Amino acid sequence: MLRRRNLLAPSAALALLLTASAGAGPAAASTDPTVVAATAPAVPAAASAAVPAAGGFGAPGPYATAVEVGAVTTLYYPRDIADSDRRHPVIVWGNGTGGVPLVYRDLMLHWAGQGFVVAAANTPMSNLGISMRASIDMLTGRNADPASVFFDRVDLEHIGASGHSQGGAAAIVVGSDPRVDTVLPIQPGPLANIDAVRVPALLLAGQKDSIVFPALVKAFYNAADHIPALYGEVRGADHFTVVGDPGPFAAPTTAWFRAHLMGDRTAGAQFFGPGCGICTDTATWSDVRRNGPALGVPAATP
């Protein structure tokens with residue numbers, strides 16, 4: 001029971017951080033009452049979807065973004081998706097205990113600016129992954145609806161699952177869904193079974209996390225010997241480093257999803273092959289591990 005109480009302890013602190021992050025980022029009015037925010041393009045809209053070599057994967061992407069708050073899911077997506085010339089991969093997200101998508105707004109918008117449709121479950125108790133699965137169902141319907149801005153613009157063949165703390169455990173739970181192609185749990189709580197996951201996993205810990213200790217994340221990594229799995233421990237990060245400005249979490253999470261959901265070979269080289277970028281980046285990482293199946297993945301084919 002002590003371990004579970006430790007995981008629930010940050011609820012009050014997370015609620016305070018929610019208030020602090022509520023006003024982050026630029027916003028613009030919309031004629032659609034469900035679209036509550038839209039950001040200006042980080043680079044010209046006509047720019048390539050590829051991330052610029054300078055600035056890395058933490059640099060803003062080429063897409064202006066919009067936010068739609070629904071009853072079950074908050075969507076972060078490329079604002080002009082209806083006019084896009086491509087289908088956009090999906091990331092489903094689970095919040096930490098007591099949190100809501102607004103807490104993680106900056107990270108969600110960063111991914112949307114890179115060209116992803118991010119479906120963040122609104123629930124503050126996400127561990128079972130029910131709302132995350134419902135988000136996939138909802139986007140499937142919106143993609144098939146000719147009246148929707150998402151009509152035929154959502155790449156449902158490429159879906160990733162991520163989340164923080166309790167939501168990180170939820171990402172592992174949802175990783176057993178055959179529609180999910182990869183999981184990226186951030187400081188995941190222990191209430192999940194990674195044995196059921198059959199897709200590549202990047203498990204992120206915080207070096208100074210005193211709520212979800214790095215050893216708990218390593219336990220998931222050690223149990224994931226049946227899939228390509230990586231363990232990354234962010235130097236100096238505590239349990240709330242990803243909240244608000246995601247800082248050191250923005251670049252590696254973006255690269256992982258670009259590699260697995262967009263086929264970005266440069267992004268894949270950050271994790272796979274002999275050149276493994278994160279393996280030598282000691283400024284960002286205090287510990288990086290790759291299991292046997294991950295070592296067998298060539299950089300060009302994540």
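Predicted model: local features only at pLDDT ≥ 70, side-chain atom pairs only at ≥ 80, totals over all residues.
**Aromatic pairs**

The structure contains nine aromatic pairs. One of them joins W256 and F271 in an edge-to-face arrangement, with 5.0 Å from centre to centre and an angle of 85° between the planes. Because W256 belongs to helix α7 (residues 250-262), whereas F271 sits in the loop between α8 (265-268) and α9 (277-280), the pair ties together parts that are 15 residues apart in sequence. W256 is buried, its relative accessible area being 0%, and F271 is likewise buried, with a relative accessible area of 0%. Apart from this pair, one aromatic cluster is formed by W93, Y104, W111, F116 and F257.

**Residues with positive phi**

Most residues other than glycine have a negative phi. Against that background, D152 has a phi near 60°, a positive value in a residue other than glycine, and S165 also has a positive phi, near 60°, without being a glycine. D152 is placed in the loop that runs between α4 (130-144) and β6 (154-164), while S165 is found in the loop between β6 and α5 (166-174).

The table gathers the accessibility values for the residues discussed individually.

| Residue | Relative accessible area | Class |
|---|---|---|
| W256 | 0% | buried |
| F271 | 0% | buried |

Definitions and conventions. Residues numbered from 1 in each chain as written. Heavy atoms only, no water. Phe/Tyr/Trp six-rings, centres within 6.5 Å; stacked < 30°, edge-to-face > 60°. Helix = DSSP H or I, 4+ residues; strand = E, 2+ residues; numbered from the N terminus. Buried < 20%, exposed > 50% of the residue type's maximum accessible area, 1.4 Å probe, protein only.
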